[in-house]
Amino acid sequence: MTSLLYQRIAQQLAEDIQNGVYRPGERVPSVRKLSTQKGVSHATVLQAYATLEDQGLIHARPQSGYYVHQTPALTAPKPQIAKVEAPCAVTRSSIISEILSQARREGIIPLGAAVPASEYLPLRALHQQMSKMTRFHSHKAFSYTFSPGFEPLRRQVAIRMRDAGAAVDPANVVITNGCVEALQLALRAVTRPGDLIATESPSYYGTVQLCQLLDLQVIEIPTDPDTGLSLEALQRALDKWPIKALVLTARAGNPMGATMPEARQRKLVSMMAQRKLTIIEDDIYGELMFDQGQSRALKAFDCSDTVIYCSSFSKTISPGVRTGWLITRRYQEAIEQLQTFTTLSACSVSQMAVAAYLENGGYDRHLRHIRQEYCKNLSQFQLAVQQYFPEGTQISRPRGGYILWISLPGGVDTLTLFNRALLHNISIAPGIVFSNSDQFNHCLRLNCGIPWNRATEQAVMTLGVLARQLVAECALEPDGLKVEFASGSAG
């Protein structure tokens, strides 16, 4: 009976940790306090805490108590700063397209694509604004809105940019069909086919696809999981190759989640300005930083129009409204011409509805709510990965957004993990799609922008089991035969 009691106590505490009641690094109730609360002996509580220690959820500090594990070992590996691969053509688009196609299947648990669940979107408020626009302003809502876009929305974007630390003239804002069109327009304005651009490594797979579409060569710059792109490696690359532009995310990067410190942001902008080269900043997760007011976009340090700023409301309001923007003075005329003769501008109804929603005053309240939810989700996913994935797994610790970058041990190929996970109706984003090289094939990205519930935990548990199996399969004896592991081995 005692064993059942300590197991129940351990399970209750484990659920509290998973639900964010006790956060990483926080102290759990003392043995004395919990024994009083539960009306059980100290020995029973100690058994419960021993169980949680075995699960990797808590650890003891001598003469201090028990604390939720901070997983200090679970940090993405540091890059080899001195190693910069030579430029090359992009070859990953067909693989990316196939993976995205498979991940969109009906009934899939979406841990792959970085799309927020509808529960975290202000759909009701957006629907109300859509209804008002189509009912009372139909003559504008159903007409063209030519580039650079709906003027009230451009003003609202300029207001939002104050939170990013940048003073922006609404006249320099161009509304786009999401952030991908903003990036594409920026690249087309700055480069020509055959040109060389620099990107983070690993980098957002959409950037990789755009480079192939535009016939651009790419040089990948090593990126630190905490401080972002290596300025030292970038300097070497700039000295050696004719780079035309740099594409990067300075805050809550995708996929690593890195945030570049302000001192390095200033240095980067200055470095590129001195060479008269352009930075294309993708700041799509900027409004999801958990330390709002303590981080700024690269654009905040731009005094010479070196930075073309790109973002969208896809991660905060709705991916379906396809409403993004870019900001530039130097290339604005060229970008407006490019947009006019391709997509004209973003959808008029969407622009008007988003502008009305922003003016309504509920957006900041909504952002505060989803930042808290995503921060809690990240903690829950991190704890679950620690609990279920094989020993030696490493994980990023982002300061914003809702994506995790995970490195698996033992030479595991996460494309194989992707295919096996699909058989269980789970999608992931394998590391192969985030680089034009093979150096991240053992990594994967998880989408934590979905509610944490039994189904989500079961999916992460299943991924952990599959990852353990792959680690076991990759472990070889000297004679080339696979080492046999007992069923249920931790790997």
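# Exercises on strands, helices and their packing

Leucine 248 stands opposite glutamate 281 in β10. The model is a predicted one, in which local features need pLDDT of at least 70 and side-chain atom pairs count only at pLDDT 80 or more, while totals for chains, interfaces and linings use all residues. Residues are numbered from 1 along each chain as its sequence is written, and side-chain values use heavy atoms, with hydrogens and water left out.

Helices (H or I, at least four residues) and strands (E, at least two) are DSSP runs, numbered from the N terminus. Two strands pair if DSSP finds at least two bridges between them.

## Exercise 1

**Solution.** 

Step 1. Begin with pairing. Strand β9 (residues 243-248) pairs with β10 in the parallel sense over four bridges. Strand β11 (residues 307-312) also pairs with β10 in the parallel sense, over four bridges. Glutamate 281 stands opposite tyrosine 309 in β11.

Step 2. Together, β9, helix α11 (residues 262-274) and β10 make a right-handed β-α-β unit. A crossover is right-handed if, with the strands pointing away from the viewer, the path from the first strand over the helix to the second runs clockwise.

Step 3. Consider burial, where buried means under 20% relative accessible area, exposed over 50%, and partly exposed in between (1.4 Å probe, protein chains only).

Step 4. Methionine 271 is found in α11 and is buried, with a relative accessible area of 8%. Leaving aside neighbours within four places in sequence, methionine 271 is in contact (heavy atoms within 4.5 Å) with Leu231, Leu234, Gln235 and Leu238.

## Exercise 2

**Solution.** 

Step 1. Six bridges join strand β6 (residues 196-201) to β7, and the two run parallel. Isoleucine 197 has valine 218 in β7 as its bridge partner.

Step 2. From β6 the chain crosses through helix α9 (residues 205-213) to β7, in a right-handed β-α-β crossover.

Step 3. With strand β8 (residues 228-229), β7 pairs in the antiparallel sense over two bridges. Aspartate 224 stands opposite glycine 228 in β8. The two strands β7 and β8 form a hairpin with three residues between them.

## Exercise 3

Give the strand order of the open four-stranded sheet and identify the helix that packs on it.

**Solution.** 

Step 1. The order is β13-β14-β17-β16, with antiparallel pairing. The edge strands are β13 (394-395) and β16 (429-430), each of which pairs on one side only.

Step 2. Strand β14 (residues 403-407) pairs with strand β17 (residues 443-447) in the antiparallel sense over five bridges. Leucine 404 stands opposite leucine 446 in β17.

Step 3. The helix is α14, which touches β13, β14 and β17; its direction makes about 20° with that of β14.

## Exercise 4

Characterise two helix pairs, α5 with α13 and α15 with α16.

**Solution.** 

Step 1. Two packed helices are described by the angle between their axes and the distance between the axes. Axes are lines fitted to C-alpha atoms, for helices over the stretch in contact, and angles run from 0 to 180 degrees between N-to-C directions.

Step 2. Helix α5 (residues 123-136) and α13 pack at an angle of about 120°, with their axes 8 Å apart. That makes α5 oblique to α13; angles under 35 degrees count as roughly parallel, over 145 as roughly antiparallel, 65 to 115 as roughly perpendicular and the rest as oblique.

Step 3. The axes of helix α15 (residues 414-422) and helix α16 (residues 454-474) come within 10 Å and cross at roughly 135°. The helices α15 and α16 are therefore oblique to each other.

Step 4. In α15, Thr416, Leu417, Arg420 and Ala421 meet Leu463, Leu466, Ala467, Leu470 and Glu473 of α16.
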